[in-house]
Amino acid sequence: MKKVALVGVPWDKKGSYLGGQALAPARIREALHCGSANYWTELNVNPIEHKDFEDIGDLNLKKYFDIEKQMALILSKNMRTLAIGGDHSMTYPIIKAHYQFSGEFDILQIDAHGDLYDEFEGDKFSHACPFARIMEQNLASRLIQVGIRAINPHQREQMERFKVETIEMHQFDAGQRPTFDKPLYISLDLDGLDPAYAPGVSHHEPGGLTTREVLRLIQSINVPIIGADIVEYNPHRDNSDMTAMLAAKLLKEIAGKMLS
Ligand SMILES: [Mn+2]
């Protein structure tokens with residue numbers, strides 16, 4: 001089994017509304033190790049003290065595509081990555097790096113937003129665009145989105161153009177669930193959860209997923225997980241570190257799945 005490297009991506013230069021996501025990796029680690037909870041997942045794995053798990057610290061970033069270079073270096077050492085962001089723009093260079101080292105894979109995106117804009121405020125690499133870049137270059141075989149509830153006509157066109165499989169929030173509520181058949185990359189934007197569960201994000205979009213629904217989605221994955229990211233935690237918006245704790249719990253559950 002490939003080792004899982006926990007890696008921080010202190011990056012918030014491509015957000016469109018509020019900065020602060022660069023501070024997230026340190027705060028999520030603090031929550032993970034704060035002593036208020038143990039390291040075991042609900043499915044009885046201790047990923048944090050597992051022999052195949054290693055926290056390798058943060059990337060050292062000056063430019064956007066430093067993310068791709070440094071992630072590729074980690075993947076070249078025969079590791080899988082669990083990346084903690086950072087704004088969602090980081091997912092495109094991370095997936096580019098995976099494309100060099102992984103075989104075919106699908107992406108599960110949990111998010112309030114499609115992040116499929118062709119460009120946003122003049123930037124092709126905005127955090128509103130990563131999945132447009134990924135899909136126009138065929139870096140993943142399928143893109144499956146869950147929790148989406150902020151789509152405009154341009155994004156609907158993009159969904160059709162790239163044959164994105166979107167389970168909009170109202171459809172999820174009605175019982176639709178994704179199925180997977182290929183190895184999977186998970187991109188978890190914390191704003192996919194309702195702001196009641198995840199206040200510490202830049203874009204509050206009411207009507208989202210519950211913590212339990214996201215846990216159930218992760219726990220029910222029945223294909224190998226090749227990598228994952230948890231993005232858009234913004235400590236400036238958090239209450240009593242609740243969202244940091246949520247990110248730490250989701251980190252544990254995803255890592256536990258990757259290691260079992
Ligand atoms: Mn989002």
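Before the details, note that the model is predicted.

I'll start with the core. The largest nonpolar core has 71 residues. Among those with the most contacts inside it are I28, L190 and A247. Helix α8, residues 242-258, gives the most to this core, with 10 residues. As general background, nonpolar side chains in soluble globular proteins tend to be buried together.

Take A247 as an example. Which residues is A247 in contact with, leaving aside its neighbours within four places in sequence? They are I28, A31, L190, I230 and Y233. Of these, I28 and L190 are also listed with A247 among the residues with the most contacts inside the core.

Now to the strands, with β5 as the reference. Strand β5 covers residues 143-148, and five of its six residues are buried, so β5 is largely enclosed by the rest of the structure.

On one side of the story is strand β4, residues 106-110, which pairs with β5 in the parallel sense over four bridges. If you want to find this pairing on the screen, look for I107, whose bridge partner in β5 is L143.

Next comes strand β6, residues 165-168. Strands β5 and β6 pair in the parallel sense, over four bridges. Here the residue to look for is I148, which stands opposite E168 in β6. The chain crosses from β5 to β6 through helix α5, residues 153-161, and this β-α-β crossover is right-handed.

That is the end of my part.

Terms used
Residues are numbered from 1 along each chain as its sequence is written. This is a predicted model: local features need pLDDT of at least 70, side-chain atom pairs count only at pLDDT 80 or more; totals for chains, interfaces and linings use all residues. A nonpolar core is a set of buried Ala, Val, Leu, Ile, Met, Phe, Trp, Tyr and Cys residues joined through C-beta atoms within 7 Å. A residue is buried if 20 or more other C-beta atoms lie within 10 Å of its own, exposed if 12 or fewer, and partly exposed in between; C-beta atoms are placed from the backbone. Helices (H or I, at least four residues) and strands (E, at least two) are DSSP runs, numbered from the N terminus. Two residues are in contact if their C-beta atoms, placed from the backbone, lie within 7 Å. Two strands pair if DSSP finds at least two bridges between them. A crossover is right-handed if, with the strands pointing away from the viewer, the path from the first strand over the helix to the second runs clockwise.
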